[in-house]
Amino acid sequence: MPNFCVLLHGSLKVEGMVAIVHLGPDWFGMLYSQADSKKKSSLMMSLFEPGLDSVPWVGKLSYLGPISDAKENPYGEDDSKSPFPLQPKSKRSYAQNVTVWIKPSGLQTDVQKILRNARKLPEKTPTFYKELNRLRKAALAFGFLELLKGVADMLDRECTLLPDTAHPDAAFQLTHAAQQLKFASTGKPEHSVYDHNITPLQTDFSSSSSERL
């Protein structure tokens, strides 16, 4: 006779469904079919975080059960509705400017923004420090301290490439920003506070319109 796991795997694969499994007290997971290639697939099990609310849009996992236990069919007589996803009690906003570096191109774009603004100092001082602090926070959050040292070296190089006609404040700001990134790259607590913002260096050449970020 066919093994139960084989039958379960076949049914989940054909129906495109998953099976919720109860692993222990307040601990659940799911079984599903995972294709390794066009001809080969395997029965896989993934574990949820321990707890009854590990899948927020499902609700308490202990409340799940067969439709026959419900007073009325939650999907309707013609499967025209669904009880899921459950609406959270408090609506969260996901409209946040979160830095994500899934692909190298995303990181490259953020570094190039800083360099473009660096070449337009002091006119772009506010924008330069805004992008610099955004990258600094993301690098600290990801533990990517080497990035901070790398960008600091780039800023030092930009400073040496400044033309003779460049505004004097540009060199001061580039040197200051590079130094602050080098401090943060050490990982020392006093230099790597996440909520700290690098502010423009106040010099005799600073524009009166410059504001601390």
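The largest cavity in this predicted model has a volume of about 30 Å³. A cavity is here a set of points on a 1 Å grid over the protein atoms alone, where a 1.4 Å probe fits but cannot get out. Its volume is the space filled by probe spheres set on the points, which are joined across faces, edges and corners. With a cut-off of 30 Å³ or more, the count is 1 cavity. Residues are numbered from 1 along each chain as its sequence is written. Local features need pLDDT of at least 70, side-chain atom pairs count only at pLDDT 80 or more, and totals for chains, interfaces and linings use all residues, while side-chain values use heavy atoms, without hydrogens and water.

The lining of the largest cavity consists of T99, W101, D110, I114, E131, R134 and L135. Lining residues have an atom within 4 Å of a point. Helices α2 (104-118) and α3 (125-142) each supply at least two of the lining residues. Helix α3 gives the largest share, 3 residues. Helices are DSSP runs (H or I, at least four residues), numbered from the N terminus. By residue class, the lining holds 3 nonpolar, 1 polar and 3 charged residues. Asp, Glu, Lys and Arg count as charged; Ala, Val, Leu, Ile, Met, Phe, Trp, Tyr, Cys and Pro as nonpolar; the others, Gly among them, as polar.

Two of the lining residues, E131 and R134, also meet in a salt bridge, at 3.1 Å from N to O. A salt bridge requires a side-chain nitrogen of Lys or Arg within 4 Å of a carboxyl oxygen of Asp or Glu. Both E131 and R134 lie in helix α3, 3 residues apart, about one turn of the helix. Both are buried (under 20% relative accessible area; exposed is over 50%, partly exposed in between, with a 1.4 Å probe and protein chains only).

The whole structure contains 6 salt bridges. In one of them, the closest N and O atoms of R119 and E158 are 3.0 Å apart. This pair links distant parts of the chain, 39 residues apart: R119 sits in the loop between α2 and α3, E158 in helix α4 (residues 145-160). R119 counts as exposed because its relative accessibility is 53%. E158 has a relative accessible area of 10%, so E158 is buried.

D156 and K182 form another salt bridge, with the closest N and O atoms 2.6 Å apart. Here helix α4, holding D156, is linked to helix α5 (residues 168-185), holding K182, across 26 residues. D156 is partly exposed, at 24% relative accessibility. K182 is also partly exposed, at 30%. Finally, salt bridges with shared partners join D110, E131 and R134 into one network.

Notes. On a 1 Å grid over the protein atoms alone, a cavity is a set of points where a 1.4 Å probe fits but cannot get out, and a pocket is an open set with protein on both sides within 12 Å along at least five of seven lines; lining residues have an atom within 4 Å of a point.
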